[in-house]
Amino acid sequence: MARLTPPAIVILGVGALATARRIQALYAGSQVHALQGRVEADVSYIELSSHLRELYSRGTPIVALCAAGIVIRCVAPLLSNKGVEPPVLAIAEDGSAVVPLLGGLAGVNVMAREIAAAMTVSPAITTSGELRFGTCVLNPPDGYALADITQGKRFVSDLLAGESTRIEGEAPWLDEAQLPRSESARLAIRVTPRAWDGRDDELVIHPRSVVVAVTVPGIGAGAGAGAGAGAGADSNTDANIDADSNSDAQPDSGARIAALVRETLNAHGLATLSLAALLASSEHTANPAFADAAASLNVPLRFAEPRPEDGEPPSNLLHAALRVPYQTLHDDADAGVALALAALAIDPDTIGRPRGRLTVIGLGPGSADLMVPAARTALNEATDILGYETYVKMAGPLRADQRVHGTDNREEMQRARHAFELASTGRSVVMVSSGDPGVFAMAAAVLEALEEGGSTNADWRAVQLAIVPGVSAAMATAAQAGAPLGHDFCMLSLSDNLKPWTIIEKRLRHAAEADLVMAFYNPISRARPWQLDKALDIVREYRAAATKVVLGRDIGRPGSTLRTITLGELRSSDVDMRTMVIVGSSTTRGFANGIDGGEWVYTPRWYE
Ligand code: SAH
């Protein structure tokens, strides 16, 4: 199951920072968002109301350390629109008041209690049911789902009006609630996998206690062949699989699986909300039909590898995947579907194994606000994080349950193979690079490892691989200086660790002659002390001494520096391995920006 998104802790001034950090400590992966220019925190924003609206519409829980009224006004325009309603809380700067505002069904009161406990104050809970009963009856814990929210609201107002209720089925989380209980009550809270029959004296809560295994004949392992690399398990390995290689002709395979599952559940009077997972055979790991079906049913997809002693398909999948006692409700080999029912909700993390994922991300140059949201999401969802130690640290804060595999920066291929090994066991692996992962970084090594190892290893090919772009050092440096990359440019690594120096010289010569702006990565290091001077000598053969040069060091990181000089002035001692060197073209120009003798540097869009 997806974990709850960590909250954005939003502050306006420095006075709230200490409280914000205390709240941050409660929610791993959370970040403190501060008004740019006022406070340095993890993420900076320019304008409060648009920032809060953006967070809200993305469904990010918001903990705002400012007046409740401000928060309400900011998100008000979005409230009439019934979509996601993440928790929104207003907290007094000094932590003395904790006010849950929105997101009652998303657990705002739970958060309010947690934060208030950390601040040793009482939360300002205003939800009547919650106050009266000490819990939100309509917000059951993970693994349980409310059948119908409208019915739920009516039910709670009946309770508030003085009625009592019976509880039928297992609802351990209600044991501590102060519910008015009576065996003879008209109202009943029924915890059951059976579908709600519409009776309005019942509040039906479904435990996610049903697992459905599907081995539909006619759905090829490689169905939806357009899935590209990573898909395409061998389609001749299972007797159940239609050998029809024209599998693109089944665009609705996912819909067919979902329909079959719904029909089977209906036939047994079970609610779709009772499903804990859709289970398929491991050979379908990369088959988009099953992924589509699981998405349509809104349940996690799990895979199992049955052994001979597990019996016949499809019920052998249940046997191989389930680690809790269950009852087989349905087993139809011809239709390719089997249903299991457990006594209690089943944690999907214990069922078979998920499709492994490997996401290669770029952190951007350093500061959190220059990391793209997709990279942050991948980090939040990761079970394992790999990368050079410095970058893994930059990717934090991480949760205690996330495993970190730090390695030396030099073993790129080994690290890439390690990532596939982990991901092919069903883990969600994130590989971190700085800047953009495709620019002198890990993405190419990961693809090289896959091309080499994937041909003999179907498990590697089944890994769901994605590459998330990032803001590269050249872009981040250029933006601070102005727009030196405003016209044609090239990116060159001056490191001769992985390519011969003669190639570097040749490229420099051609780029210089072509009047391209040049961004130098890895310009110098202790092991490569003379190369930069040599490179500059070559460039100086083609470019005037007055050519603009931008030096960005540790851009986006603490202590960053930005300098603009000329090619004539540039010395290799001005540069180290944490520096980005941008050498302008013949048209790159600059003018004073009015700050401490600084200047804006840009390369015009036109050419003479
Ligand atoms: N994938 C990275 C580049 C890795 S190569 C990216 O896209 O940015 C490492 C080189 O990038 C360093 O030697 C330095 O030249 C440059 N670099 C990386 N981060 C930087 C930063 N924050 N400031 C300036 N240069 C940086």
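Helices (H or I, at least four residues) and strands (E, at least two) are DSSP runs, numbered from the N terminus. This is a predicted model, in which local features need pLDDT of at least 70, side-chain atom pairs count only at pLDDT 80 or more, and totals for chains, interfaces and linings use all residues. Residues are numbered from 1 along each chain as its sequence is written, and side-chain values use heavy atoms, with hydrogens and water left out.

**View A. Arginine 355 in its loop.** Look for arginine 355 in the loop that links strand S15 (337–342) to strand S16 (357–362). Its relative accessible area is 24%, which counts as partly exposed (buried is under 20%, exposed over 50%, partly exposed in between; 1.4 Å probe, protein chains only). A polar atom of the arginine 355 side chain sits 2.8 Å from the backbone oxygen of alanine 462. Phenylalanine 303 is 52 residues away along the chain, yet its C-alpha atom is 7.3 Å from that of arginine 355.

View B. A disulfide is a covalent bond between the sulfur atoms of two cysteines. Here the term requires a pair of cysteine sulfur atoms within 2.5 Å, and the count is zero. The cysteine 74 sulfur is too far for a bond, because the closest cysteine sulfur, in cysteine 66, is 7.0 Å away. Cysteine 74 is also buried, at 7% relative accessible area.

View C. An oxygen atom of the ligand lies 2.5 Å from a polar backbone atom of methionine 577. For serine 434, a polar backbone atom is 2.9 Å from a ligand nitrogen.

Note on methods:
A polar contact is a pair of N or O atoms within 3.5 Å; within protein, one must be able to donate a hydrogen and the other to accept it, and residues adjacent in sequence count only if both atoms are side-chain atoms.
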